[in-house]
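Subject: Structure handover

Hello,

Here is the structure I said I would pass on. Please look through it first; my notes on what was found follow below.

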Amino acid sequence: MKMLFQYISLALMVSMFSGCASLTKEDYQRVQIETYSKDNALIANAKCRARNERGDWLVFSSGPLTVHRSAQNLLVTCEKEGEATGYATLISRVNDGMVGNVFYGGGVGAILDDYNGNGYSYPDWVRVVMGDNLVFDRKANKRGQVMIGAQPVEPAIASDKKTVVDNLLFLLP
């Protein structure tokens, strides 16, 4: 009987913390950035700068960039001499760790994940088109596939910070 109680206790502990993004996700996320011309030619070694409220990062395309997760969108600017500047807004969305907090009742975990940014993710591979201003929404991300951006519906705002509730409501059908 004592063994059964220990197994049940262990199972409950694992299920309580299985959704917490602070335990299941890292503070940083890798984002692959490629740069292309409007006629679909690869542009190598464009200088790309990404920023959110957690920091400012620099990478030369096509290369991986490691950024601090955040609820705020990631704003990317790519420049190369002789090319028009390319702009990208990578929309941050709630990840599975944050959703797990809601379903497993981890209110404290959800607050912590929102505060430190671990409950959010960006698209992991984007194609910036030089001379365009594109939006890349995490909800359309497919692991291992490059994401083609869309024209913004409304102007992107650098301080567009959504609350946990806003992001969770967006996920509901």
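This is a predicted model: local features need pLDDT of at least 70, side-chain atom pairs count only at pLDDT 80 or more; totals for chains, interfaces and linings use all residues.

Five strands make up an open sheet with mixed pairing, in the order S3-S2-S5-S6-S10. At its edges lie strand S3 (55-60) and strand S10 (133-137), each of which pairs on one side only. From one strand to the next, the twist averages 20 degrees.

**Strand by strand**

Strand S2 covers residues 47-52 and runs antiparallel to S3, with 6 bridges joining the two. A hairpin connects S2 to S3 through 2 residues. Within this pair, Cys48 stands opposite Val59 in S3.

S2 also pairs with S5, again in the antiparallel sense, over 5 bridges.

The next pairing is that of S5 with strand S6 (residues 86-91), which is antiparallel and has 5 bridges. Here Thr77 has Tyr87 in S6 as its bridge partner. S5 and S6 form a hairpin with 6 residues between them. In the turn of that hairpin, Gly82 has a positive phi of about 85 degrees.

The two faces of S2 can be told apart. In a regular strand, side chains alternate between the two faces of the sheet. The covered face of S2 carries Cys48, Ala50 and Asn52, while Lys47, Arg49 and Arg51 are on the uncovered one.

**The disulfide**

How many disulfides does a search of the whole structure find? The search gives 1 disulfide. Cys48 and Cys78 form it, with their sulfur atoms 2.1 Å apart. A disulfide is a covalent bond between the sulfur atoms of two cysteines. The link of Cys48 and Cys78 is right-handed, with 115 degrees about the S-S bond. The pair links distant parts of the chain, since Cys48 is in strand S2 and Cys78 in strand S5 (residues 74-79), 30 residues apart.

Are these two cysteines buried or exposed? The cut-off for buried is under 20% relative accessible area. Cys48 counts as buried because its relative accessibility is 1%. Cys78 has a relative accessible area of 0%, so Cys78 is buried as well.

**Arg127**

One further residue is worth a note. Arg127 lies in strand S9 (residues 125-129). Is Arg127 buried or exposed? Arg127 counts as buried, because its relative accessibility of 18% falls under the 20% cut-off.

Which residues is Arg127 in contact with, leaving aside its neighbours within four places in sequence? The contacts are Glu34, Tyr36, Asn40, Leu134, Phe136, Val146, Met147 and Ile148. Among them, Leu134 and Phe136 fall in the range of strand S10 (133-137), an edge strand of the sheet described above.

Regards

Note on methods. Residues are numbered from 1 along each chain as its sequence is written. Side-chain values use heavy atoms; hydrogens and water are left out. Two strands pair if DSSP finds at least two bridges between them. Helices (H or I, at least four residues) and strands (E, at least two) are DSSP runs, numbered from the N terminus. Axes are lines fitted to C-alpha atoms, for helices over the stretch in contact, and angles run from 0 to 180 degrees between N-to-C directions. A disulfide is a pair of cysteine sulfur atoms within 2.5 Å. Buried means under 20% relative accessible area, exposed over 50%, partly exposed in between (1.4 Å probe, protein chains only). Contact means heavy atoms within 4.5 Å.
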